[in-house]
Amino acid sequence: EMSERERVVNPCKVDLIPLSDENDQEIWHFLDHPKFLTRRQSQVVPIHNPNALRFAHIDLATTSMAGVSICHLVGSQKVDGLVKDGKVYSEYRLIVQYDMILTIIAGRTKPISIEKIQRLFFWLRKECGVRFGKVTADSWQSASILQMMEARGFDTDVLSMDRKKGPYYAWRTGFEELRIRAYRQRQMMAELETLNDGPDKIDHPPEGSKDTTDSAAGAYWNAISSQGDTSSEHGTEPAIHQEQLDAEPTTNLEEVPIT
């Protein structure tokens with residue numbers, strides 16, 4: 001309900017984006033630009049909260065599926081609850097809104113183009129006025145893409161969604177407390193139905209996948225982590241006392257990429 005009220009919509013024209021070097025198509029060719037971009041004073045900027053920093057996580061793959069999710073903070077809300085000893089607590093916790101939750105697949109004859117995934121971020125920053133906070137990727141084949149993005153001024157890091165459960169637990173808490181604004185992405189919903197809470201990690205069944213959920217949970221974790229320690233006294237969420245303040249975007253555009 002909150003997502004619908006805030007008009008959080010799916011900006012992607014397809015459920016699965018075929019992305020390889022077979023053709024010249026980039027990720028932005030599969031996006032419905034007017035659904036997430038607008039023009040303000042000769043600049044192209046995101047429709048929702050254009051001044052907010054964006055946080056992203058990339059779950060890389062070449063032959064199966066890759067996930068790319070981007071989100072941002074939109075303030076906070078008061079959360080009341082009980083700790084194990086029955087005491088009542090009240091905390092202000094962060095609200096996260098998703099810009100994109102994308103599932104990427106290989107082409108007919110060639111693997112997923114990691115370079116094209118990288119170019120999505122360059123395009124969003126240069127042509128769409130998007131300001132990025134941290135961008136992370138899993139450890140599999142991420143060194144090259146993260147090094148290139150860091151060289152271009154992005155704040156990058158490695159985040160393995162298989163080595164700790166904290167990001168998934170925090171993500172679940174965000175949904176339970178109605179602090180997440182996300183549209184219904186088909187692949188993510190399918191993966192959520194089959195996730196297993198194993199002894200060492202959140203995993204998928206043998207024939208399943210969790211590429212899209214990894215990217216969405218990782219992006220959420222980056223967003224809430226930007227406000228400090230994620231080991232709150234009452235869970236895996238940070239308690240906060242003021243909203244994030246961001247400067248005005250500086251991108252000045254002559255060409256309008258929205259159609």
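Which residue in strand 3 is the bridge partner of R39? The points below come to this after a word on the model.

1. This is a predicted model, in which local features need pLDDT of at least 70 and side-chain atom pairs count only at pLDDT 80 or more, while totals for chains, interfaces and linings use all residues. Residues are numbered from 1 along each chain as its sequence is written, and side-chain values use heavy atoms, with hydrogens and water left out.

2. The bridge partner of R39 in strand 3 is V44. Strand 2 (residues 37–40) and strand 3 (residues 43–46) run antiparallel and are joined by 4 bridges, where strands are DSSP runs of E with at least two residues, helices are runs of H or I with at least four, and both are numbered from the N terminus. Two strands pair if DSSP finds at least two bridges between them. The two strands form a hairpin with 2 residues between them, and Q41 in the turn has a positive phi of about 50°.

3. The axes of helix 4 (residues 166–176) and helix 6 (residues 211–225) come within 9 Å and cross at roughly 85°, the axes being lines fitted to C-alpha atoms over the stretch in contact, with angles from 0 to 180 degrees between N-to-C directions. The two helices are therefore roughly perpendicular to each other, a term for angles of 65 to 115 degrees.

4. A search of the whole structure finds 0 disulfides, a disulfide being a pair of cysteine sulfur atoms within 2.5 Å. C71 is buried, with a relative accessible area of 0%, where buried means under 20% (1.4 Å probe, protein chains only). C128 also counts as buried, at 0% relative accessibility.

Terms used: Angles under 35 degrees count as roughly parallel, over 145 as roughly antiparallel, 65 to 115 as roughly perpendicular and the rest as oblique. Buried means under 20% relative accessible area, exposed over 50%, partly exposed in between (1.4 Å probe, protein chains only).
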